[in-house]
Amino acid sequence: MKKVEAIVKPFKMDDVREALSEVGVSGMTVTEVKGFGRQKGHTELYRGAEYQVDFLPKMKIELVVPEEHVERAIEAIMSTAQTGKIGDGKIFVTDVERVIRIRTGEENEDAV
């Protein structure tokens with residue numbers, strides 16, 4: 001099994017969720033996060049004063065899928081989250097050694 005973590009722009013979240021559902025992803029965790037990469041930050045104007053916004057709002061999506069579904073999940077995220085502009089986000093894929101469903105004690109793919 002693999003854990004797929006994606007950082008995407010907030011306005012793309014609904015499209016990404018829908019695309020993942022269409023490729024068979026049955027569950028995910030979504031968190032509002034802030035950060036920056038090459039995009040750095042930007043300057044905003046508030047009540048006539050200019051100030052620097054260092055951390056930009058993003059959405060973090062986490063899902064655990066069987067290894068054979070990883071590429072479909074990545075493609076679903078890429079095709080819906082990509083705008084072609086800086087700050088589109090990142091996808092991280094890591095190995096998952098063990099998953100346990102707390103309620104039933106089921107493990108690994110049965111728990112996902």
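Glu-18 is partly exposed, with a relative accessible area of 45%. Here buried means under 20% relative accessible area, exposed means over 50%, and partly exposed lies in between (1.4 Å probe, protein chains only). Glu-18 sits in helix H1, residues 13-22. Together with Asp-14, Asp-15 and Glu-22, Glu-18 forms a negative surface patch. Such patches take residues with over 30% relative accessible area and no salt bridge, and like charges are joined within 9 Å. Asp and Glu count as negative.

This model is predicted: local features need pLDDT of at least 70, side-chain atom pairs count only at pLDDT 80 or more, and totals for chains, interfaces and linings use all residues. Residues are numbered from 1 along each chain as its sequence is written, and side-chain values use heavy atoms, with hydrogens and water left out.

Now step back to the whole chain. The protein chain has two helices and six strands. Both are DSSP runs (helices H or I, at least four residues; strands E, at least two), numbered from the N terminus. Along the sequence the pattern reads β-α-β-β-β-β-α-β. The C-alpha trace spans about 55 × 30 × 20 Å along its principal axes. The radius of gyration of the protein chain is 17 Å, whereas a compact globule of 112 residues would have one near 13 Å. That value is taken over C-alpha atoms, and the globule rule is 2.2 Å times the number of residues to the power 0.38. Of the 112 residues, 31% count as buried.

A search of the whole structure finds six salt bridges. Each is a side-chain nitrogen of Lys or Arg within 4 Å of a carboxyl oxygen of Asp or Glu.

One of them joins Asp-95 and Lys-2, at 2.3 Å from N to O. Asp-95 lies in strand E6 and Lys-2 in strand E1 (residues 2-8), so the pair ties together parts that are 93 residues apart in sequence. Asp-95 is exposed at 59%, but Lys-2 is buried at 17%.

Strand E1 takes part again through Glu-5. Lys-60 forms a salt bridge with Glu-5, with the closest N and O atoms 3.2 Å apart. Lys-60 belongs to strand E5 (residues 56-65) and Glu-5 to strand E1, so this pair ties together parts that are 55 residues apart in sequence. Lys-60 is partly exposed at 23%, and Glu-5 is buried at 16%.

How values were computed. Patches are made of residues with over 30% relative accessible area and no salt bridge: like charges are joined within 9 Å, nonpolar side chains (Val, Leu, Ile, Met, Phe, Trp, Tyr) within 5 Å. Accessible areas come from the Shrake-Rupley method with a 1.4 Å probe; for residues, only the protein chains shown count as cover. The place of a charge is taken as NZ of Lys, CZ of Arg, CG of Asp or CD of Glu.
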